[in-house]
Amino acid sequence: MKLLVLNGPNLNLLGTREPETYGSATLADLERALKSTFPQVTFSFFQSNHEGALIDKLHETQNNALQGVIFNPGAYTHTSIALRDAIAGIKVPVIEVHISNIHARESFRHHSLLAPVCAGQLCGLGLSGYFSAASYFAFQEEWTENLDTPQ
Ligand code: CA2
């Protein structure tokens, strides 16, 4: 199966600052660990600080035969109607992931404009949220294959 891991603004700084909130692993560490934990998955990774680049990447999923997108939209979670429209406009399911617990932080982080158009939301689990999302997609595929195989 093929999954896209998409990270939004400032997540390129992971592991370099604010370790009390975001941990000390870098984005490269996360990518390596995902690949080795899920050898059956072909991952593609993309990070951008630009809203339009993230929208283009979501649109591209239409041509890529992907099974899912694991998306940490960063602060755009709380502001971007354009990203919400992009997610609503594609067929591939998107899981919204946040490293921190957005509900335990400032009130402006409590609301996600994207959650209603995502398949689900994981937050506050640290980087494990990305692994939980990948395991959801991997399980979905295995489950569907088993249902399709006559006993
Ligand atoms: O908890 C999350 O994953 C967030 O999506 C992170 C965003 C924040 O705006 C959201 O409310 C919740 C911020 C990403 C900033 O990432 C940094 C990582 C290390 C150092 C500095 C920033």
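Buried means under 20% relative accessible area, exposed over 50%, and partly exposed in between, with a 1.4 Å probe and protein chains only. The model is predicted: local features need pLDDT of at least 70, side-chain atom pairs count only at pLDDT 80 or more, and totals for chains, interfaces and linings use all residues. Residues are numbered from 1 along each chain as its sequence is written, and side-chain values use heavy atoms, with hydrogens and water left out.

View 1. Cysteine 118 is buried, at a relative accessible area of 12%. The structure holds zero disulfides (a disulfide is a pair of cysteine sulfur atoms within 2.5 Å).

**View 2. Helix α3 against helix α4.** Helices here are DSSP runs of H or I with at least four residues, strands are runs of E with at least two, and both are numbered from the N terminus. The axes of α3 (residues 51-60) and α4 (residues 81-88) come within 9 Å and cross at roughly 5 degrees. Axes are lines fitted to C-alpha atoms, for helices over the stretch in contact, and angles run from 0 to 180 degrees between N-to-C directions. The two helices α3 and α4 are therefore roughly parallel (angles under 35 degrees). Contact means heavy atoms within 4.5 Å. On the α3 side, Glu51, Leu54, Ile55, Leu58 and His59 make the contact. On the α4 side, Ala82, Leu83, Ala86 and Ile87 make it. These residues divide into seven nonpolar, one polar and one charged. Ala, Val, Leu, Ile, Met, Phe, Trp, Tyr, Cys and Pro count as nonpolar, Asp, Glu, Lys and Arg as charged, and the others, Gly among them, as polar.

**View 3. The buried face of α4.** Leu83, Ala86 and Ile87 are the buried residues of α4. Seen down the axis of α4, they fall within an arc of 95 degrees, so they line one face of the helix. The arc is that of the directions from the helix axis to the C-beta atoms. Their cover includes α3, β3 (68-72) and β4 (94-98). Ile81 and Ala88, on the other side of α4, are exposed.

**View 4. Threonine 21 in helix α1.** Helix α1 spans residues 19-22. Threonine 21 is partly exposed, with a relative accessible area of 25%. Not counting residues up to four places away in sequence, threonine 21 touches Ile99, Ser100 and Arg105. Tyrosine 136 lies 115 residues from threonine 21 in sequence and 25 Å from it in space, C-alpha to C-alpha.

Key
Angles under 35 degrees count as roughly parallel, over 145 as roughly antiparallel, 65 to 115 as roughly perpendicular and the rest as oblique.
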